[in-house]
2 protein chains.
Amino acid sequence: MALRVQKYGGTSVADIEHINRVADRVQKSQDQGDQIVVVLSAMSGVTDSLIRLAEQASKTPDKRELDVLLATGEQTTAALLAMILKSRGYKAKSFLGFQAGIQTNKISGKARIMDINGTNILHALADGHIAVVAGFQGADEDGAITTLGRGGSDTSAVAIASALKADVCEIFTDVDGVYTTDPRICSSARKIDRISYEEMLEMAILGAKVLQIRSVEFAKKYNVPVHVRSSFNEEKGTMVVNESSDMESVVVSGITCDMNEARITFKKVPDQPGISAKIFSPLAQAEIGVDMIIQNTRSGGETDLTFTVTKDDFERAREISERVGKEVGAHEILTAVEIAKVSVIGLGMKSHSGVAATMFQALASENINIRLISTSEIRISCVILAKYAELAVRTLHSAFGLDKEK
Amino acid sequence: MALRVQKYGGTSVADIEHINRVADRVQKSQDQGDQIVVVLSAMSGVTDSLIRLAEQASKTPDKRELDVLLATGEQTTAALLAMILKSRGYKAKSFLGFQAGIQTNKISGKARIMDINGTNILHALADGHIAVVAGFQGADEDGAITTLGRGGSDTSAVAIASALKADVCEIFTDVDGVYTTDPRICSSARKIDRISYEEMLEMAILGAKVLQIRSVEFAKKYNVPVHVRSSFNEEKGTMVVNESSDMESVVVSGITCDMNEARITFKKVPDQPGISAKIFSPLAQAEIGVDMIIQNTRSGGETDLTFTVTKDDFERAREISERVGKEVGAHEILTAVEIAKVSVIGLGMKSHSGVAATMFQALASENINIRLISTSEIRISCVILAKYAELAVRTLHSAFGLDKEK
């Protein structure tokens, strides 16, 4: 008998018909003799509708109250699935975040899980129930409702799996698993059978939308085996697990492409201590997250400083930069919106040299100019012009031997 | 400084525009220096939509899970009003049933409030907040969400007013107050300025929909002054309060008419001990509530036994009666659906004689035949043919001097 946590996303619970299909799946798992905890998202589109309703009520809806409002979405699906399972003769019980013992900090809208008290769920399981948990939500120490941010149900599921010491956390979604790259861009993309937490984390950060970043951090920290798989078929998907020695034999596991960034360059700023602080402090105060930061050395006591921000933040970042540019004596502020960040990710980089060289050569062979480069231990990212993005992805996918076997 | 609990019903929070108007009203009360607790219903129609959704999920939706689903309706309006008040610069905070400390028994769908711990709300008030409470809901001792049944927000409001020792519980609704009878039937109906809990209770039971029956029981038990008034104007409505000696000078306070009952008669059953039990036990087991029960003495060791049930329960009650009728040896089962129960209510009946006689004479003067009669200390009800209902109401309204002054 295994204890399985199963998370179903918004498209899997889009309406009563879909929820009935989730019930089929849950029922089957239960019939096999496993203990099942189901974690649900809101019906697809519901969270956005609720946000629009809140924006009718207030231009800047209070975050605490927005959480109370948004939490109704998952409350609805959890109640409906529990109803359906019960009407089929199964023992089932819904749990809201606070009832599932999910305690978070007080940061409304993107709360972090601080602790999980799994007692209520374990009691229900011991009593033969299927536990149906409303994802995305928790409660702070004062009992106020909080939500975990976009994709938060992934994190709910992984956190519950960790607290209950579940055998596996299954993330059911509308794709078959994690792919070597986006199959819509590259038709030879392959499903990855096993991937390490570290690689999955880099891929999530770089825009692979299959898992919320925090859920991967959580899985890594508490060593929760995660199985990303399709809710529409029975195929095995991708296991996200601790790295093992055999993984390093694969040099590159995946290629990502992020079109959601824009670039800002301070040309010829004085190369003096404190300049970076002057530039980045006002951005931080405006709550603008900066991704890549690259400083080139120039001669003559001047330097060029480039960074990227998300396109959502770009206009505000540009205004702040124009103002700060004058203060610090930059010659000019250059910007570029039509850019793409392509990245290669692989645990193997730790032990294999030459990955960067292969990447640069592959891009050069297609005459793709690299504008910015940044690296981590298991990732190399290049910013290029957006129009070359698809070509770059396909070229790299092939250069690193990721193409499907024919 | 007064502590006021204000309850707004579904039509008062039907959409964002209406909720903004509720906010105007709450804001005005707060500006006067009062402490305000707002109790809200779901937007009108939302509870019915949620019930339809549940019925798509299951023909007989599990009651526990239905409560979880229905509770989202009030959660939504409470969050939206708190948002609006905050965006106007007021301190406000929403409370779900369990956060407001409303503890109920475990009877899903029609839970009773067992206890209220007002600590959280009192803290918020002391801190200058407007407390916005989701009505209709509570939690049982295990923390499961429960709901209080149709109109339950009235009871939430009165119970909170009682727990907080509020100066008044204002029930804002779409009518101006409690009327001597239904103004749609009788154009000379007058708004009642003050009415006793006992009379209000009889009127609520007899179909005056302005207050949930339980809320009046609660108000009576804990002596909570209730003010029923319109959410669309500033007029004073009806104060529901403890009886006072001056009230008894008014013999009859109101006339009600309930069209929602049907009659079943067991003709000529043996007049033996235990017959009533044999007839009413199977009805009780089927959870059919019986209203009036009248037994006429006949000669020859036989008796006629008549009772009324709601029209919703009529078909099931008739089937059971046909079966039981054979068992107990009734000559036949007679039924009537096209009936109306008209009642006169007044504390003054306790000390004035002749009310029944006046009532029967008034009906007789219009040739309206009385089929059944039942009485309580402060009420006389007559069942008549439905087609005479409006005429009977107008006749009685005039006979007891309730018509508007010209």
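How many residues does the contact take from chain B and from chain A? The contact takes 25 residues from chain B and 25 residues from chain A. Please keep in mind as you read that this is a predicted model.

**The side of chain B that touches chain A**

Let us start with chain B. Three helices, α1 (16-31), α2 (46-57) and α3 (63-87) of chain B, each supply at least two residues of the side that touches chain A. Of the elements on that side, α3(B) gives the most, with 13 residues. Sorted by class, the residues on the side of chain B that touches chain A are twelve nonpolar, ten polar and three charged.

**How the two copies are related**

Two copies of a chain are related by a rotation about an axis and a shift along it. Here, chain B is superposed on chain A by a rotation of 180 degrees with 0.0 Å of shift along the axis, and the RMSD is 0.1 Å. The two copies are thus related as by a two-fold rotation axis. Which C-alpha of chain B is nearest the axis? That of T72(B), which lies 2.7 Å from the axis. Both copies use the same surface, since 100% of the contact residues of chain B recur in chain A.

T72(B) also takes part in the packing of α3(B) against its counterpart, where the residues of α3(B) that meet α3(A) include E65(B), V68(B), L69(B), T72(B) and Q75(B). By class, the contact of α3(A) with α3(B) has twelve nonpolar, six polar and four charged residues.

Two packed helices are described by the angle between their axes and the distance between the axes.

| Helix pair | Angle | Axis distance |
|---|---|---|
| α3(A) and α3(B) | about 170 degrees | 8 Å |
| α8(A) and α9(A) | about 150 degrees | 10 Å |
| α5(B) and α7(B) | roughly 15 degrees | within 8 Å |

With angles over 145 degrees counting as roughly antiparallel, α3(A) and α3(B) are therefore roughly antiparallel to each other. Helix α8 (residues 275-285) and helix α9 (residues 311-328) of chain A pack at about 150 degrees, and that makes α8(A) roughly antiparallel to α9(A). In this pair, α8(A) passes α9(A) in a right-handed crossing. The contact is made by I275(A), K278(A), I279(A), P282(A) and L283(A) of α8(A) together with A317(A), I320(A), V324(A), E327(A) and V328(A) of α9(A). By class, these are eight nonpolar, no polar and two charged residues.

Helix α5 (residues 152-163) and helix α7 (residues 213-222) of chain B cross at roughly 15 degrees, and α5(B) and α7(B) are therefore roughly parallel to each other. The crossing of α5(B) past α7(B) is left-handed. From α5(B), D154(B), T155(B), V158(B), A159(B) and S162(B) meet R214(B), S215(B), F218(B), A219(B) and Y222(B) of α7(B). The class count for the contact of α5(B) with α7(B) is five nonpolar, three polar and two charged residues.

**The sheet of chain B**

What is the order of the strands in the open sheet of eight strands? Reading across, the order is β3-β6-β2-β1-β9-β11-β12-β10 (chain B), and the pairing is mixed. At the edges stand β3 (92-95) and β10 (194-196) of chain B, each with a single partner strand, so one side of each is left without a neighbour in the sheet. On average, neighbouring strands of this sheet are turned by 20 degrees against each other, direction ignored.

The helix α3(B) returns here: α3(B) packs on the sheet and touches β2, β3 and β6 (130-134) of chain B, with its direction making about 165 degrees with that of β6(B). Another helix, α6 (residues 197-205) of chain B, lies across β10 and β12 (238-241) of chain B and runs at about 85 degrees to β10(B).

Now for some strand pairs. Strand β1 (residues 3-8) and strand β2 (residues 35-40) of chain B run parallel and are joined by six bridges, with V38(B) in β2(B) as the bridge partner of Q6(B). Strand β9 (residues 168-173) and strand β11 (residues 226-230) of chain B pair in the parallel sense over five bridges, and T173(B) stands opposite S230(B) in β11(B). By contrast, β11(B) and β12(B) pair in the antiparallel sense over three bridges, where V226(B) stands opposite V240(B) in β12(B).

Key: Residues are numbered from 1 along each chain as its sequence is written. Chains are lettered from A and ligands numbered from 1 in the order in which they are written. This is a predicted model: local features need pLDDT of at least 70, side-chain atom pairs count only at pLDDT 80 or more; totals for chains, interfaces and linings use all residues. Two residues are in contact if their C-beta atoms, placed from the backbone, lie within 7 Å. Helices (H or I, at least four residues) and strands (E, at least two) are DSSP runs, numbered from the N terminus. Ala, Val, Leu, Ile, Met, Phe, Trp, Tyr, Cys and Pro count as nonpolar, Asp, Glu, Lys and Arg as charged, and the others, Gly among them, as polar. Two strands pair if DSSP finds at least two bridges between them. Axes are lines fitted to C-alpha atoms, for helices over the stretch in contact, and angles run from 0 to 180 degrees between N-to-C directions. Angles under 35 degrees count as roughly parallel, over 145 as roughly antiparallel, 65 to 115 as roughly perpendicular and the rest as oblique. A crossing is left-handed if the near helix is turned anticlockwise from the far one by less than a right angle, and right-handed if clockwise. Copies are superposed by least squares on the C-alpha atoms of residues with pLDDT of at least 70 in both.
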